[in-house]
Amino acid sequence: MNAHLPPDHPPVQTGRIGVLLVNLGTPDAPTTGAVRRYLGEFLSDRRVVEIPQIAWQPILRGIILNTRPKKSAHAYQQVWTDDGSPLAAITAQQAAKLQVMMGDAVMVDWAMRYGTPSIPDGLAALFAAGCERILLAPMYPQYCAATTATVVDKAGDWLRAQRWQPALRTLPPYHDDPAYIGALASDLGRQLEALEFVPEVLLLSFHGMPKRTLELGDPYHCHCRKTARLLEDAMARPDVRFITTFQSRFGPAKWLEPATDTVLEAEAKAGTKRLAIAAPGFSADCLETLEELAIRGREQFTDAGGEHFHALDCLNAGAAGMAMLEALVRRELGGWI
Ligand SMILES: C=CC1=C(C)c2cc3[nH]c(cc4nc(cc5[nH]c(cc1n2)c(C)c5CCC(=O)O)C(CCC(=O)O)=C4C)c(C)c3C=C
Ligand SMILES: [Fe+2]
Ligand SMILES: [Fe+2]
């Protein structure tokens, strides 16, 4: 402690660089109560549900938060690990590995947009540890207002309340970055080689969005399509038919199509026997990949006559994904380190 400073003086800055990896968020436990708290926060975000709150809140509080948490808690129970929710556990691993790769000049931490650990707590901890410059890294390859923009909004809320602010940069979307496409192509290729069957179809399933957001100018759909096109080229598998789909439809509005569940069933009914599915838009495995795709997707495909099904892992904290993350982060820190 510097002797001329009063005891309540803010910490003396040291010019370090901080990196905050941020993913969506997840409940603290696979229980109805914890899922209700998480969904209440998530689904009250105006970036996520874009209908006027005066109309939406009664539906959310009156119907959705009384029915969905029980069903979702059951789904979470099927994928929960000793280290907690897969999304949080994997994001923590990514941060720990990136810390080792970046060395002491950079401090790496992680946060969740909804639930804990929060973005304000993450930014405050990095700043208190001496990081005057912070790279905020939303772990979403494809930009979407419902994911990327709301992370930046939340950081902005925290900055607005600070007298002494760190300088902030944000990681741009990387849907067409050669480092990302290359990492996916090599990691998915490696996983396909290890399967005991050669798939006729490789389904690339991205998280869905209301179709209206595309008409309003959100680039998400275009980013997903471009990732899929570049990935198909990079994988160079003319023996495999690539199909792009959108999963996790929510509510009565029209969502991006084709829907993953519809295509799984239609492919099996049309005679496809061997299918693998990947979720290139998710940087970490989570409820949507481990339960919706790997468990329910398998049932949808095999119930309709499919025989061999495999859900491939996300990049997670594997070697290909971590090398990509290091490359993206180092590039964005250019001029700072
Ligand atoms: C209006 C509802 C939703 C929109 C819009 C939406 C967009 C969106 N979500 C992700 C990534 C993830 N979503 C996850 C879970 C999840 N998503 C919704 C609803 C919308 N998502 C709900 C209700 C849930 C919770 C689970 C459930 O009850 O079904 C997750 C996994 C979280 C976990 O804990 O594992 C991720 C990741 C993206 C990328 C996206 C828009 C592009
Ligand atoms: Fe979602
Ligand atoms: Fe889902």
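The model is predicted. The protein is divided into domain 1 (16-174) and domain 2 (178-311), and the shell around ligand 1 draws at least three residues from each of them.

**Domains**

- The centres of domain 1 and domain 2, taken over C-alpha atoms, are separated by 24 Å.
- Contact between the two domains involves 18 residues of domain 1 and 18 residues of domain 2.
- On the side of domain 1 that touches domain 2, the elements giving two or more residues are α2, α3 (86-102) and α5.
- By class, the residues on that side of domain 1 are 14 nonpolar and four polar, with no charged residues.

**Ligand 1**

- There are 23 residues around ligand 1, and those that come nearest are T26, S72, H207, C286 and L287.
- Two or more residues of the shell come from each of α2 (53-79), α5 (145-160) and α10 (287-303).
- The shell around ligand 1 is made up of 14 nonpolar, seven polar and two charged residues.

**Helix α8**

- Helix α8 has 16 residues (220-235), which at 1.5 Å a residue should span 22 Å; the C-alpha atoms at its ends are 22 Å apart, in agreement with that value.
- The buried residues in α8 include Y220, H223, C224, T227, L231 and E232.
- Viewed down the axis of α8, the buried residues fall within an arc of 165°, so they line one face of the helix.
- An α-helix has 3.6 residues a turn, so residues three or four places apart point the same way.
- The packing partners of the buried residues of α8 are α6 (178-193), β5 (201-207), α7 (211-215) and β6 (241-247).
- A236 follows α8 and has a positive phi, near 45°.

**Helix α4**

- In α4, the buried residues include I119, G122, L123, L126 and F127.
- These residues cover an arc of only 130° around the axis, which puts them on the same side of α4.
- The buried residues of α4 pack against β1 (16-25), β2, β3 (131-138) and α5.

**Backbone details**

- Most residues other than glycine have a negative phi, and most peptide bonds are trans.
- The peptide bond between T116 and P117 is cis, with omega about -10°.
- P117 belongs to the loop between β2 (106-114) and α4 (119-128).
- A cis peptide bond also runs from E257 to P258, where omega is near 0°.
- P258 is in the loop between β6 and α9 (260-269).
- A236 is not a glycine, yet its phi is positive, about 45°.
- The loop that holds A236 lies between α8 and β6, and A236 counts as exposed because it has 9 C-beta neighbours inside 10 Å, where 12 or fewer is the cut-off.
- N316, a residue other than glycine, has a positive phi near 50°.
- N316 sits in the loop between β8 (308-311) and α11 (319-332), and with 19 C-beta neighbours inside 10 Å it counts as partly exposed.

**Distances in sequence and in space**

- A327 is in helix α11.
- A327 has 17 other C-beta atoms within 10 Å and is therefore partly exposed.
- From A327 to A179 the separation is 148 residues in sequence and 7.4 Å in space, C-alpha to C-alpha.
- L216 is located in the loop between α7 and α8.
- L216 has 10 other C-beta atoms within 10 Å and is therefore exposed.
- From L216 to K269 the separation is 53 residues in sequence and 35 Å in space, C-alpha to C-alpha.

Methods
Residues numbered from 1 in each chain as written. Chains lettered and ligands numbered in written order. Predicted model: local features only at pLDDT ≥ 70, side-chain atom pairs only at ≥ 80, totals over all residues. Helix = DSSP H or I, 4+ residues; strand = E, 2+ residues; numbered from the N terminus. Expected span 1.5 Å × (residues − 1). Buried ≥ 20, exposed ≤ 12 C-beta atoms within 10 Å, placed from the backbone. Arc of directions from axis to C-beta. Contact = placed C-beta atoms within 7 Å. Near = placed C-beta within 6 Å. Nonpolar A, V, L, I, M, F, W, Y, C, P; charged D, E, K, R; others polar. Domains from an automatic or database assignment.
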